[in-house]
Amino acid sequence: MEKKPFVTLEQVQEIVKTYPTPFHLYDEKAIRENARKVKQAFAWNPGFKEYFAVKATPTPRLLQILHEEGFGCDCSSYTELMMSKACGITGHDIMFSSNVTPDQDFKLASDLDSIINFDDITHLDYYDKVGEWKDTMSCRYNPGGDFVLENEIMDTPQEAKYGMTREQLAQAFNIMKEKGVKHFGIHAFLASNTVANEYYPALARILFQTAVELQKETGVHISFINLSGGVGIPYKPWQEPNDIMAIGEGVRRAFEEVLVPAGLGDISIYTEMGRYILGPYGALITKCIHHKHTHKEYVGLDACAANLMRPAMYGAYHHITVLGKEDALRDRTYDVTGGLCENNDKFAIDRNLPRIDIGDYIYIHDTGAHGFSMGYNYNGKLRSAEVLLKEDGSTELIRRAETPEDYFATFDFTGLFSENK
Ligand SMILES: *Cc1c(COP(=O)(O)O)cnc(C)c1O
C-alpha cells in the first residue's frame, strides 16, 4: 500500500513559520477516527476498554483526546501515573502494568485507586507493605515457550522478563483472595508489533482457557482479560495493515467458544495498545540541511536519532516522503542521517528517494508511538516540539521544544560561577 503523508508541503511551509523543524506532528482527526473504530471492533463486549500505553506517547494533550474517546491510561511508572492524574485520568481509568516496580510507584498507583497488574508473585508481599488491597486487581501471565502463530515463531515468552508462570498465577490469585481482592484480571503480552490479524485472537484463546481453569482451581471471580499491546502497524509500504474489525471478530469468536460455555460470558476485554492507536498518526517533520558526497551519498537532516531512535536502535524501517516530491521518480539512493556522533544515526540506509535538495522538508512516517517518547539527549541534542494538527486544519503546540536551559536544569552552576569569576 502506498504510504501518504497526512500533510502537504504547503501546509508544512505554513506550520514552520510558527514552529521550526524538527517537530513531531500528530493528526487529531485520524486519531479520533481510529479510536472510534477500535471501540466499534470490540463493541460486542459491553465492558471493553482500551488503556492507551502512555509510554508510547506520553503527551498530555493526546492522552486527553484519547480519554475523550473513552480510553484510559496504561501506566508503568511514577511519572506516567502523575501525568495521567494531571490529565484527570484516575481510578479504574488507569491500568498500572509495570515491572521491577519501586515502592513509591506502587504507593501512587494505590493512592490513585488504579487497577494494579502485578508482574511477579514476589510483588504481592512487597506491595502489602506500601499499598492498599483493592477490590479489583490483576496479574500478568507468562506461559513460557515460544509463541507460535501459523507455524511461525512470533516471539519467545520464555526469554521475556515479564509475568508469572502458570503455577505462580494460581498461587497469586489465592493469596490475593485472602487479602480481600474480589475481582481478578489476567494480562499477557506475548509478541510485539504483530502485523497479523490472528495475534489477538490467538492470545485471547490462551488467556480465556487459562481463565476457565483458574476460575475452577481458585474459585475467584475473573472480571477482565487484558490483551495488552502488541498490535502492529505497517511501517513498510508493502505490508498489509491489520484489520481491527477482523481482530475484534476473532476475539469475539474465541470468547463465544471458550468463555461463554464455561459460564464466564460476563468477562470484560481490556487492551493496552500504544502503537496501533497513535503510530501512523504522527510524523517527524524535518529539513535537509546538508549534502555529503563521499563513499556514499548522504543527506543530513536537522533531526537525529535523539528525535526518533527506532531506526538506530532496532534497524527499524520508517518510510520517508520528500514533501512536494510525492510523485517524483525515486531515482537516487541515499543514506539519510542525523548529526549524532554515532554511525547508527541513520533514518535510512541505501534508500531509494527522489532527489533531495537542501531546504526540502522530509516527512518521516509512523512516529506517533515510540517516536518522541524514546528521545534522549545524547550529544547534548535537545528534544523537539510536538504539534497537533487539529480537525479544523489549525495547529496547536502540545509540547514546546527543549531549550539549553532545560538541558542544564539538572546542574547547579552557582558554586562554579562564584569561585571562578
Ligand atoms: C509497551 C507496552 C504496551 C504497548 O505496546 P504497543 O506495542 O505499543 O501496543 C502495552 N502494555 C505493556 C505492559 C507494555 O509494556
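The structure is a predicted model, in which local features need a pLDDT of at least 70 and side-chain atom pairs count only at pLDDT 80 or more, while totals for chains, interfaces and linings use all residues. Residues are numbered from 1 along each chain as its sequence is written, and side-chain values use heavy atoms, with hydrogens and water left out.

Helices (DSSP runs of H or I, at least four residues) and strands (DSSP runs of E, at least two residues) are numbered from the N terminus. In helix 4, which comprises residues 78–86, the residues E80, L81 and S84 are buried, where buried means under 20% relative accessible area, exposed means over 50%, and partly exposed lies in between, with a 1.4 Å probe and protein chains only. The buried residues of helix 4 line one face of the helix, because they fall within an arc of 100 degrees when seen down its axis; the arc is that of the directions from the helix axis to the C-beta atoms. An α-helix has 3.6 residues a turn, so residues three or four places apart point the same way. The face of helix 4 turned away from the buried side carries the exposed residues T79 and A86. Among the elements that cover the buried residues of helix 4 are strand 3 (72–75), strand 4 (94–97) and helix 5 (103–111). Helix 4 is followed by G88, whose phi is positive, near 80 degrees.

Strand 10, which spans residues 221–226, is mostly covered, since five of its six residues are buried. Strand 9 (residues 183–187) and strand 10 run parallel and are joined by five bridges, two strands being paired if DSSP finds at least two bridges between them. One of the residues concerned is H183, whose bridge partner in strand 10 is H221. S223 is also found in strand 10, and S223 counts as buried because its relative accessibility is 15%. When its neighbours within four places in sequence are left aside, S223 is in contact with T136, H183, F184, D266, I267 and S268, contact meaning heavy atoms within 4.5 Å.

A salt bridge is taken to be a side-chain nitrogen of Lys or Arg within 4 Å of a carboxyl oxygen of Asp or Glu, and by this rule the count comes to 31. The side chains of R205 and E257 form one of them, with an N to O distance of 3.0 Å. This pair links distant parts of the chain, 52 residues apart, with R205 in helix 8 (residues 199–218) and E257 in helix 9 (residues 244–259). R205 is partly exposed at 30% relative accessible area, and E257 is partly exposed at 46%. Another salt bridge joins E132 and K134 at 3.9 Å, N to O; E132 is exposed at 54% relative accessibility, whereas K134 is buried at 10%.

On the surface, Y407, F408, F411, F413 and L416 form a nonpolar patch with about 450 Å² of accessible area together. Patches are made of residues with over 30% relative accessible area and no salt bridge, like charges being joined within 9 Å and nonpolar side chains (Val, Leu, Ile, Met, Phe, Trp, Tyr) within 5 Å; accessible areas come from the Shrake-Rupley method with a 1.4 Å probe, and for residues only the protein chains shown count as cover. F408 lies in helix 12 (residues 404–408) and is partly exposed, with a relative accessible area of 39%.
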